[in-house]
Amino acid sequence: MLAVAGETPHSCPSVQKASSVLVSLIVLLSFHGFQVDGKVDRYAFNIVENGTSVNEQVEVDVENQTEVIRVPQHNNVDAVEIMNDFDAGLSARRLPASKDCYVSKLDSSVPSPAKLKLDMEQASKQSLPDKVTTKTTGWSVVGFADRLDLPKKILDFCGSLPIYNVEAVPLDSMNTSLYRASSHGRKKRHHWYRDYTGCSHKDGPMMARCLKKVGIFRLTFNCKYDTIYCYYKAVCKHVSRNGLNPLNDYLCTGISHDLNVLGVCCSVTC
């Protein structure tokens, strides 16, 4: 069981400090893999998170260079469907609750379809450790995506849903508190300072005053978000045991927990 030092153990949605998020969750892990039509490999990643059973579905298509991850709603975390298109270098997230689709550049840390397939197959054969590493990423909506610029795979995945471009918000770089907004839905927000988005028209002038008064390194950001979703993957790699050939020792050493908050806006105090 993992917990933030000095805090009560919590599940995905209870984010207190974006710069120091850990979760107490993994109780039981199991994988089941099977192949359909000889091209798409499908896996079930079964997780018990704070007493709630979560069945994450993973589809890997090495030929078409795509990955699809589906996570149901659980513990106040929103359901999400994610497609990683390695040919286009894009990620798309489909949110069933809001009926929206969000597109961003593909993160370089995302494993390739071939690597993900190998990881999932190895994880299905091993007893996975309960070591969990959590990465928190904030996303801010920057406008409508141009459908003419999107590849067919992304368009087919999003379907008729409205598609928005999103960019990562560097939550961990400042003294930042983070909480969920009381109501859902995109709101018109005032943009200011670098990658941050204000929650109201008052935030721009306040940012200017605080920058002049105390400087950037002494600001406190109070951020909120509209949507939260998360997914898991096994962390596997070649290791050398007792000097043996590392190619013969491909081990899964932990679980990566990717926690994402969407529609982030921030107010600043000084």
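User: What makes a run of residues a strand in this predicted model?

Analyst: A strand is a DSSP run of E covering at least two residues, numbered from the N terminus. Strand 12 gives the most to the lining of the largest pocket, with six residues.

User: What is the volume of the largest pocket, and which residues are the closest to its centre?

Analyst: The volume is about 660 Å³. Of the 35 lining residues, the closest to the centre are Ser91, Arg93, Lys105, Asp107 and Trp139. Elements giving two or more residues to this lining include helix 1 (113-123) and strand 13 (250-262). By class, the lining has 16 nonpolar, eight polar and 11 charged residues.

User: Why is Arg94 called buried?

Analyst: Buried means under 20% relative accessible area. Arg94 has 18%, so the residue is called buried. Arg94 is found in strand 6 (residues 90-95).

User: How do you know that the side chain of Arg94 makes a polar contact with the side chain of Glu81?

Analyst: The cut-off for a pair of N or O atoms is 3.5 Å, and one must be able to donate a hydrogen and the other to accept it. The Arg94–Glu81 contact is at 2.4 Å, so the distance is within the cut-off. The side chain of Arg94 also reaches the backbone oxygen of Phe157, at 2.2 Å.

User: Why are strand 7 and strand 9 said to pair?

Analyst: Pairing requires at least two bridges found by DSSP. Three bridges join strand 7 (residues 100-105) to strand 9 (residues 163-169), so the two strands pair, and they run parallel. The bridge partner of Cys101 in strand 9 is Ile163.

Notes:
Residues numbered from 1 in each chain as written. Predicted model: local features only at pLDDT ≥ 70, side-chain atom pairs only at ≥ 80, totals over all residues. Heavy atoms only, no water. Helix = DSSP H or I, 4+ residues; strand = E, 2+ residues; numbered from the N terminus. Buried < 20%, exposed > 50% of the residue type's maximum accessible area, 1.4 Å probe, protein only. 1 Å grid on protein atoms, 1.4 Å probe; cavity = no way out; pocket = protein on both sides within 12 Å on 5 of 7 lines; lining within 4 Å. Points joined across faces, edges and corners; volume = space filled by probe spheres on them. Nonpolar A, V, L, I, M, F, W, Y, C, P; charged D, E, K, R; others polar.
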